[in-house]
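Student: I have a model open and want to learn how to read its features. Where do we begin?

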Amino acid sequence: MSILRRIQGENQPNGNGQNKPGGSDSLRNPSIQSRRISAPTPTGMNDTYQDLKNRVQTKLLSTLDPSMDVTQTIEVKKTIQELFEQILNDENLILSRPERARMFEQISAEILGFGPLQSILEDESVTEIMVNGAKNIYVERKGKIIREPMTFENNEHVMRIIERIVAPLGRRIDESSPYVDARLPDGSRVNAVIPPISLVGPILTIRKFSKVPISIEQLIDFGSITPEAIQFLDACVKARLNIVISGGTGSGKTTLLNILSSFIPSDERIITVENAAELQLRQEHVVTLESRPANIEGKGEVSIRQLVINTLRMRPDRIIVGEIRDEAALDMLQAMNTGHDGSMTTAHSNSPRDTLARLETMTLMAGMDLPVRAIREQIAAAIDLVVHQSRMRDGSRKVTHLTNVNGMEGDVITMTDIFVFEQAGFENGRVIGRLRPTGLRPKFMDQIEQSGIHLPPSIFGMGDRRRI
């Protein structure tokens, strides 16, 4: 069944039997029309305007050719425009030019886009969208969450949009599988949860990615990191050190992983492994792998762990795993310890020390019955650097630690901070501080220099040449 045919069946006129003031005759009367059809108010859309939009949309869907290829967006939108104008003329509906343009964009978004979310997705200032049922839409702007005035018609309307997102990816969401991870065509991350798991209706969370990836200069301008730390990280990546980027939800781990990945030389073969493909690598030789959930029969699942194992047979120079959250940690550590230097991944944690503890726990999830000391030795040997990010109380994201993993002392993994964020205060709603060097040089400095990279001592603080 085509997308247009499916939408046509789902967008029938409201049959609730309520009589609204002024019948269809008043819509055909220009004098009454000018009084009744008004622009959306700041708190919501005028009911009569919404009814008119639904009538025009329903008639438009019944007129469109069901066999039309909706992937040809430009041609389909031109056809919709012609039919839209024809329907307004046939019914003698008088709308002002702004109202006509607004109605056309809303109807086009229902047919070709993501309904009420389309305009928010096109808003560059929005970084996250949170739909809590049909009537509650929140967005994040500049690190702050605010409520949007627009709403969905009902929970079924939200479900249609969710299904439109997940269907092209071969994923499903229903009562037997009530949550799903997905992505939009631009790479934005999507998570959906529906009843019976959710008690407030369908929940949709979209982590938007900028159409133009954030640059190093922007990160520095935002105060997320310093030029000295960037120079150090650039050297670490080119020297093929294994790096874990850690932090909480929404702290900017994936954005920083994109930045670090851009330092990889263009002549290397990069293989990425993700639950939902989000990374935006600019190199030419990149292979992207995406995990897959089980089908309705419970078969066909391809896990992150299986993909990590498979990458070892694909002749990678670098392995980049979008996020380690389960027993795949064991295979990632094995890859880092078997000649695949320069690998990178992200992990959720509260601090660099917690990152290693979580990796230890996730490795135990593999069920290999390994002694804790053996796991810690694997972690200490595999990981060279932990880059920790935090989302501050003012909504900004900042790199707070660049920590060298030194090795084992007894049963404990030793670590040393190379850069630490020092907060000087909180003024005018903003966190004041800077990522500063500790005056110590990392243990892997010889490896950086053997790669032909020479960092000035000033990067590590006042020319202090002490080694740890």
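Student: In what order do the nine strands of the open sheet lie?

Tutor: Remember that this is a predicted model. The order is β9-β8-β10-β11-β7-β12-β13-β14-β15, and the pairing is mixed.

Student: Which strands stand at the edges?

Tutor: β9 (286-290) and β15 (430-437) do. Each has a single partner strand, so one side of each is left without a neighbour in the sheet. On average, neighbouring strands here are turned by 25° against each other, direction ignored.

Student: How many bridges join β13 to β14?

Tutor: Eight, and the two strands run antiparallel. β13 covers residues 397-409, and β14 covers 412-427. Gly407 stands opposite Thr414 in β14.

Student: Which helix packs on the sheet, touching β13 and β14?

Tutor: Helix α15, residues 372-382. Its direction makes about 120° with that of β13.

Student: Now the backbone. What is the general rule for phi and peptide bonds?

Tutor: Most residues other than glycine have a negative phi, and most peptide bonds are trans. Look for the exceptions.

Student: Which peptide bond is cis?

Tutor: The one from Pro195 to Pro196, with omega near 10°. Pro196 sits in the loop between β5 (189-193) and β6 (203-207).

Student: And what is the phi of Arg315?

Tutor: Near 55°, a positive value in a non-glycine residue. Arg315 lies in the loop between α12 (304-311) and β10 (318-321).

Student: Is Arg315 buried or exposed?

Tutor: Exposed means over 50% relative accessible area. Arg315 has 56% relative accessibility, so it counts as exposed.

Student: Where is Asn428 found?

Tutor: In the loop between β14 and β15. Asn428 also has a positive phi, about 50°, although it is not a glycine. With a relative accessible area of 82%, Asn428 is exposed.

Notes
Residues are numbered from 1 along each chain as its sequence is written. This is a predicted model: local features need pLDDT of at least 70, side-chain atom pairs count only at pLDDT 80 or more; totals for chains, interfaces and linings use all residues. Side-chain values use heavy atoms; hydrogens and water are left out. Two strands pair if DSSP finds at least two bridges between them. Helices (H or I, at least four residues) and strands (E, at least two) are DSSP runs, numbered from the N terminus. Axes are lines fitted to C-alpha atoms, for helices over the stretch in contact, and angles run from 0 to 180 degrees between N-to-C directions. Contact means heavy atoms within 4.5 Å. Buried means under 20% relative accessible area, exposed over 50%, partly exposed in between (1.4 Å probe, protein chains only).
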